[in-house]
Amino acid sequence: MSKPKIYLAGAMSGLTMEEMNGWRLMADSFLKDNFDTINPCDYYNFTLDKSTYSDLEVKKFDLWAVEHSDVILVNLD
């Protein structure tokens, strides 16, 4: 039986990799025994040149992740 999935949502644009991924890594470490997490930082590095991905690609990934998650954990900070 697979673990429930949690999508780790929150701000990414205009942040450093540490700012966008630090809390996600911490959440994953707390949740990993009972949940699978989906961390968008594992799929996209927003500090790279924007030509490496399109806004549409990122939007489609986010929608897919939300649809395939059991829970969405949002950092509003």
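Predicted model: local features only at pLDDT ≥ 70, side-chain atom pairs only at ≥ 80, totals over all residues.
Student: Among contacts between residues at least 6 apart in sequence, what percentage join residues at least 24 apart?

Tutor: In the protein chain that share is 66%.

Student: How do you know which helices and strands the protein chain has?

Tutor: Helices (H or I, at least four residues) and strands (E, at least two) are DSSP runs, numbered from the N terminus. By that rule the protein chain holds two helices and three strands, and their order along the sequence is β-α-β-α-β.

Student: How do you know what span to expect of helix H1, residues 17-31?

Tutor: The expected span is 1.5 Å times one less than the number of residues. For the 15 residues of H1 this should give 21 Å, and because the end C-alpha atoms are 21 Å apart, the two values agree.

Student: Why is proline 40 called buried?

Tutor: Buried means under 20% relative accessible area, exposed over 50%, and partly exposed in between (1.4 Å probe, protein chains only). Proline 40 has 2% relative accessibility, so it counts as buried. It sits in the loop between E2 and helix H2 (55-67), and, leaving aside neighbours within four places in sequence, proline 40 is in contact with Tyr7, Leu8, Met12, Arg24 and Phe61.

Student: Which residues of H1 are buried, and what covers them?

Tutor: Met20, Asn21, Gly22, Trp23, Arg24, Ala27 and Leu31 are buried in H1, and their cover includes strand E1 (5-10), strand E2 (36-38) and E3. Over the whole protein chain, buried residues make up 29% of the 77 residues.

Student: Why is lysine 60 called exposed?

Tutor: Lysine 60, which is found in helix H2, has a relative accessible area of 54%, and therefore it is exposed.

Student: What makes the nonpolar surface patch, and is leucine 76 in it buried or exposed?

Tutor: Patches are made of residues with over 30% relative accessible area and no salt bridge, where like charges are joined within 9 Å and nonpolar side chains (Val, Leu, Ile, Met, Phe, Trp, Tyr) within 5 Å. A salt bridge is a side-chain nitrogen of Lys or Arg within 4 Å of a carboxyl oxygen of Asp or Glu. Val66, Ile72, Val74 and Leu76 make this patch of about 380 Å². Leucine 76 lies in the segment after strand E3 (71-75), and its relative accessible area is 80%, so leucine 76 is exposed.

Terms used
Residues numbered from 1 in each chain as written. Heavy atoms only, no water. Areas by Shrake-Rupley, 256 points an atom, 1.4 Å probe, with all protein chains shown as cover. Contact = heavy atoms within 4.5 Å.
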